[in-house]
Amino acid sequence: MSDPDGSAPARPSPRSRLPVLALVPALLGLAFLVLPLLGLVARTPWTTLPARLTEPGVLTALGLSLQTATVATVACLVLGVPLAWLLARTPFRGRRVVRALVTVPMVLPPVVGGVALLLVFGRRGVIGGWLDATFGVTIPFTPAAVVMAQSFVAMPFLVIAVEGALRGADTRYEEAAATLGAGRWTTFRRVTLPMVAPGVVAGAVLCWARALGEFGATITFAGNFPGRTQTMPLAVYLALETDLEAAIVLSLVLLLVSVAILASLRDRWLGGATTT
Amino acid sequence: MSGHPPVPGQPALDAHLVVDRGGFRLDVRLAVAPGEVVAVVGPNGAGKTTALRALAGLLRLSAGHVWLAGRPLDEPATGVWVPPERRRVGVVFQDHLLFPHLSAVENVAFGPRCRGAGRREARRQAGEWLRRVGVAHLARYRPGQLSGGQAQRVALARALVGRPPLLLLDEPLAALDAGTRADTRAELNRHLSTHDGGTLLVTHDPLDALILADRLVVIEDGRVVQEGDAATITARPQADYVARLVGLNLYRGDADGRTVVLDNGFKLTVGDANHGRVFVAFRPSAVALHRYPPEGSPRNVWPTRIDGLHHHGDTLRVELGPPLPLSADVTPQAASQLRLAPGSQVWASVKAVEISAYPAGGD
């Protein structure tokens, strides 16, 4: 197995050699990430699961979550894709500052985001006060507030993903479109957007997942009213104090949705974005 | 859509392109008549692509003008600027740049759709052009499924579908492998000859230019060094670049009658009498090689060294070293008799009548 001169003993390739000192924390880390989820599955009351799932409260919360997360994602697409385009393609002074500002909600504690939203869109906030006085519209503690809270924390994920895709796209195709008579809007709609579609889809899925799991900003800005603003994460939290089994069932549903998202995202990434 | 059909006698394109880009200055005049094919030839970095981009409207002129079919498109002096999408200039890009998410027919229909045609009408036009360039059967294929030659035809159809008064081709054959290249060149030649608008192609390959174009414009370092038809350019090249590619040995020097002192100090006796700056050119086949000093009295005889040997068609091309680096063509029989090999010493001779000298333009 070793060289005749003995200078280079046979050994596995360097990549497969991991020092024990690193292997132990690696396995501990893996266990730390996986065990709680396994625990959740293990504690699931499978016999009463169908009944639990069809309880009106569960379905209401799930329905509200899916609806608000979807609306929030659409809102993020409408606002976020142009914003990403601006950041990726238009050189302007202070672009780096703008990019940093866009990413702030990613690192900001969501509760702080909720407080900030309340201060601006609340009944006595700058914009909220005006909306109330002019149109008699109040946002806080409504489903609209849920959507806004979710959009606030989730949009950066979409913007970052789409901006990355736009930066990676070959702008010569846009020039080719221009020589064929396409104006900027047509070029964007028929050439740029389809070519960065994998990035947009990945960004939208991440955005949707983040919106679905939103808790802190939602409970601060939208409150916790069953049927109106009580989304799945809020319902889980509430159930935890009264009915542990219900909390487990609700958590399991969210876990399954998340795994499904991850699976779809993996396919997107492997099938689309890597080839562009 | 229309309004500016090519008028006979009026140039399709009349341009004076001046572009300043960080230390590089392009300054060339180009004119293309309707139905004419003009090739802009030059080495990499000469400014060919910059010129093409300025004509397409992908780059603004610093000065000068672009007039197409009697209409100004870019004229910094008067502030006229027409963006690319309103120029009606068809472009075949070097890598074709077919939209990867659209099928061949959708790629070709893209232009008509942008210019206001309905979906059905655009597809009908696209289908007709695909048929014209001989790839109708590939209409539903995505660009990723096409070969280089097929993609090139689709790109040509896409550029021609609106019958633009000016067609631009950027290195139309560079992306193809040698096998498809010759076929595609012949094919392209056929399509260009039926295009009634002007055609301007840029290429670094003089062979493509000589075959495809009615007229050549040779540019180097952003300036036109020579302009004319194939016969003129090949007979009296004014650029090392062209000379090398048409297979001539070309030097600059100072003439005093039939004696020319080349810029490297070497003296040649030539066939034409001149005074002042000249180009000196002779064919590789005009060079004779000898093992020993030749008898008789050719005027130009000197000892030299063989730097390299390679096959060039039926002949053997011999690269000679100092004092006068040049290419010589000999038959394989002669080569074996002379026992030519890299590094061996030989005598070279060139008859004076075989060497042409002509005034260097703009030197």
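Student: What makes up the secondary structure of chain B?

Tutor: This is a predicted model, so treat everything here as computed. Chain B comes to nine helices and 19 strands. Its C-alpha trace spans about 80 × 45 × 35 Å along the principal axes.

Student: How much of chain B is made up of buried residues?

Tutor: Buried residues account for 40% of the 363 residues in chain B. To get into that group, a residue needs 20 or more other C-beta atoms within 10 Å of its own.

Student: What share of the contacts in chain B join residues at least 24 apart, among those between residues at least 6 apart in sequence?

Tutor: That share is 64%.

Student: Let's take Glu171(B). What makes it count as buried or exposed?

Tutor: Count the neighbours. Glu171(B) has 20 C-beta neighbours inside 10 Å, and the cut-off for buried is 20 or more, so Glu171(B) counts as buried. Glu171(B) lies in the loop between strand E8 (166-170) and helix H5 (178-194) of chain B. Its phi is near 45°, a positive value in a residue other than glycine.

Student: And why is Asp221(B) put in its class, buried, partly exposed or exposed?

Tutor: Asp221(B) has 14 C-beta neighbours inside 10 Å. Buried takes 20 or more and exposed takes 12 or fewer, so Asp221(B) falls in between and counts as partly exposed. Asp221(B) also has a positive phi without being glycine, near 50°. You'll find Asp221(B) in the loop between strand E10 (215-220) and strand E11 (223-228) of chain B.

Student: Is the peptide bond from Pro322(B) to Pro323(B) cis or trans?

Tutor: That bond is cis, with omega near 10°. Pro323(B) sits in the loop between strand E16 (315-320) and strand E17 (326-330) of chain B.

Student: Over to chain A. What makes helix H6 (residues 126-135) of chain A covered or uncovered?

Tutor: H6(A) is hardly covered: of its ten residues, one is buried. Just after H6(A), Gly136(A) takes a positive phi of about 70°.

Student: What is the crossing angle between helix H8 (residues 172-179) and helix H9 (residues 184-195) of chain A, and how do you know whether to call them roughly parallel or antiparallel?

Tutor: Their axes come within 10 Å and cross at roughly 155°. Angles over 145 degrees count as roughly antiparallel, so H8(A) and H9(A) are roughly antiparallel to each other. The crossing is right-handed. From H8(A), Tyr173(A), Glu174(A), Ala177(A) and Ala178(A) make the contact, and from H9(A), Thr187(A), Val191(A), Thr192(A) and Met195(A). By class, these residues divide into five nonpolar, two polar and one charged.

Student: What makes Leu62(A) buried, partly exposed or exposed?

Tutor: Leu62(A) has 18 C-beta neighbours inside 10 Å. Leu62(A) belongs to helix H3 (residues 56-89) of chain A.

Student: Which residues is Leu62(A) in contact with, leaving aside its neighbours within four places in sequence?

Tutor: Met232(A) and Val253(A). Gly227(A) is 165 residues from Leu62(A) in sequence and 9.9 Å from it in space, C-alpha to C-alpha.

Student: Last one: how many residues of chain B are in contact with chain A?

Tutor: 15 residues of chain B, facing 14 residues of chain A. Strand E7 (89-92) and helix H2 (104-114) of chain B are the elements giving two or more residues to that side. H2(B) gives the most, three residues. By class, that side of chain B has ten nonpolar, two polar and three charged residues.

Technical notes. Residues are numbered from 1 along each chain as its sequence is written. Chains are lettered from A and ligands numbered from 1 in the order in which they are written. This is a predicted model: local features need pLDDT of at least 70, side-chain atom pairs count only at pLDDT 80 or more; totals for chains, interfaces and linings use all residues. Two residues are in contact if their C-beta atoms, placed from the backbone, lie within 7 Å. Helices (H or I, at least four residues) and strands (E, at least two) are DSSP runs, numbered from the N terminus. Ala, Val, Leu, Ile, Met, Phe, Trp, Tyr, Cys and Pro count as nonpolar, Asp, Glu, Lys and Arg as charged, and the others, Gly among them, as polar. Axes are lines fitted to C-alpha atoms, for helices over the stretch in contact, and angles run from 0 to 180 degrees between N-to-C directions. Angles under 35 degrees count as roughly parallel, over 145 as roughly antiparallel, 65 to 115 as roughly perpendicular and the rest as oblique. A crossing is left-handed if the near helix is turned anticlockwise from the far one by less than a right angle, and right-handed if clockwise.
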